[in-house]
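The text below follows a few of them in turn, then turns to some loop positions.

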Amino acid sequence: MEKQLHLNLLASRPPMAGGFQSGSKMKMGPGRKRDFTPLLWSQYFETIEDVEVENENGKDIFRLYCSGSSGPVLLLLHGGGHSALSWAVFTAVICSRISCRVVAMDLRAHGDTKVKNPEDLSADTMAKDVGKVVEALYGESPPPIMMIGHSMGGAIAVHTASANLVPSLLGLCVIDVVEGTAMDALNSMQNFLRSRPKTFKSLENAIEWSVKSGQIRNIESARVSMGGQVKKCEESANNPSVSNSIGEGIIEEEEEEGGAEESNKKRMKEDDQEVQSPLVIFLFYAAIVLLKIKMISPLQVKKESFYTWRVELSKTEKYWDGWFRGLSALFLSCSVPKLLLLAGVDRLDKDLTIGQMQGKFQMQVLPQCGHAVHEDAPEKVADALATFMVRHKFTEFKEGFLC
């Protein structure tokens, strides 16, 4: 399963004032239900900024979530299908560890970014987007930037760095994306995408699915980041395809509701067996027909809202190879200090294994995490990154923080 999730084709309690509330896993008492209520971006980031970038077809608008006022910039690039909100909890943690500024970017066709050509998700185009956003933000004199990318975002970070599109780049951190494993996973990715629910009855339902399916193992992170993965839609409640698909997001009903449903089915079966008279049967079905006619009357049509995925990842398949092929060599060729964070050591391919033995980059394995490492274990990722940056003298620990 983790191998299938490797491309990330697949945003707890509110934090206390001043940042992240320690303990990423929520402890539940006996008989208590977990809280899947959405959390606001403003509990983790300080500001939102929409940056306009000129292109051949007009202007693209990129959504950024920002925090911090001093220190190097951490430019955060999310994985495929996710959004900048996937970095929310991590942002609160890292800002409590070191002096830094955070800029988390919704990549093209993701989150709330609006571009003229959302179908173009090539590595070259997305890398140029990153360079243009940095230029739009800081002009010709950008501050020192540490670029950090997860999965697809990690691949885009490598392409951006290797093309020297961020001239003030300090270092590069790639999270759980390795060429060998990614290329192997491509064959099974469409099957995984087809296995996901197409719709959810509510945002809470989507959050619940993400946690129970293991896509995001940290409830707090799921509560803030899933809003960036799905969008609200409205369709006729009498549309059979919509009515049938809305419930697909439910993977576990409450026991009391399930019991009541089974009981109702049993009673209906017993009632049907007791109906003997042909006249009664005729009147029964006539009533059903009349009821259906009334339900689909134009005056009676009701709109019912549901949530679906913002990005149709299955349609991006033609770009997958370009994201990942040759990635290890590109990563090793980047001259800046590099950090590779993995959920398991088995993800290393031959080129990276040799490079790691030669000391060309620093690697750290964070076990007991899913593919969304920065969401599952934001404190561990923040600690690893903070230590790496302080060791290279990119920044300093905040006063009072003990590493």
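Helix α10 covers residues 317–324, and its buried residues are Tyr-319, Trp-320, Trp-323 and Phe-324. Buried means under 20% relative accessible area, exposed means over 50%, and partly exposed lies in between, with a 1.4 Å probe and protein chains only. Helices here are DSSP runs of H or I with at least four residues, strands are runs of E with at least two, and both are numbered from the N terminus. Viewed down the axis of α10, the buried residues fall within an arc of 120 degrees, so they line one face of the helix. The arc is taken over the directions from the helix axis to the C-beta atoms. These buried residues pack against α2 (123–138), α3 (152–162), α4 (179–195) and α11 (327–333). Just after α10, Gly-326 has a positive phi of about 80 degrees.

This is a predicted model, in which local features need pLDDT of at least 70 and side-chain atom pairs count only at pLDDT 80 or more, while totals for chains, interfaces and linings use all residues. Residues are numbered from 1 along each chain as its sequence is written, and side-chain values use heavy atoms, with hydrogens and water left out.

One of the partners of α10 is α3. Two packed helices are described by the angle between their axes and the distance between the axes. For α3 and α10, the axes come within 9 Å and cross at roughly 55 degrees. Axes are lines fitted to C-alpha atoms, for helices over the stretch in contact, and angles run from 0 to 180 degrees between N-to-C directions. The two helices α3 and α10 are therefore oblique to each other. Angles under 35 degrees count as roughly parallel, over 145 as roughly antiparallel, 65 to 115 as roughly perpendicular, and the rest as oblique. On the α3 side the contact is made by Met-152, Ala-155, Ile-156 and His-159, and on the α10 side by Gly-322, Trp-323 and Phe-324. Contact means heavy atoms within 4.5 Å. By class, this contact of α3 with α10 has five nonpolar, two polar and no charged residues. Ala, Val, Leu, Ile, Met, Phe, Trp, Tyr, Cys and Pro count as nonpolar, Asp, Glu, Lys and Arg as charged, and the others, Gly among them, as polar.

How many of the eleven residues of α3 are buried? Ten are, and the helix is mostly covered. The buried residues of α3 include Gly-153, Gly-154, Val-158 and Thr-160. Besides α10, the buried residues of α3 pack against β3 (73–77), α2, β5 (145–150), β6 (169–175) and α11. After α3 comes Asn-164, whose phi is positive, near 55 degrees.

Helix α5 (residues 203–212) is also mostly covered, with eight of its ten residues buried. Among them are Asn-205, Glu-208, Trp-209 and Ser-210. Just after α5, Gly-214 takes a positive phi of about 90 degrees.

The residues in contact include Val-89, Phe-90 and Arg-97 of α1 and Glu-379, Asp-383, Leu-385 and Ala-386 of α14. By class, the contact of α1 with α14 has nine nonpolar, no polar and three charged residues.

Ala-386 of α14 counts as buried at 0% relative accessibility. Leaving aside neighbours within four places in sequence, Ala-386 is in contact with Ile-94, Arg-97, Ile-98 and Phe-397. The C-alpha atoms of Ala-386 and Ile-98 are separated by 6.4 Å, although these residues are 288 residues apart along the chain.

Now to the loops. Ala-109, in the loop between β4 (101–105) and α2, has a positive phi of about 70 degrees although it is not a glycine. Ala-109 is partly exposed, with a relative accessible area of 22%. Gln-368, in the loop between β11 (362–365) and α13 (373–376), is likewise not a glycine and has a positive phi of about 65 degrees. Gln-368 is exposed, with a relative accessible area of 74%.
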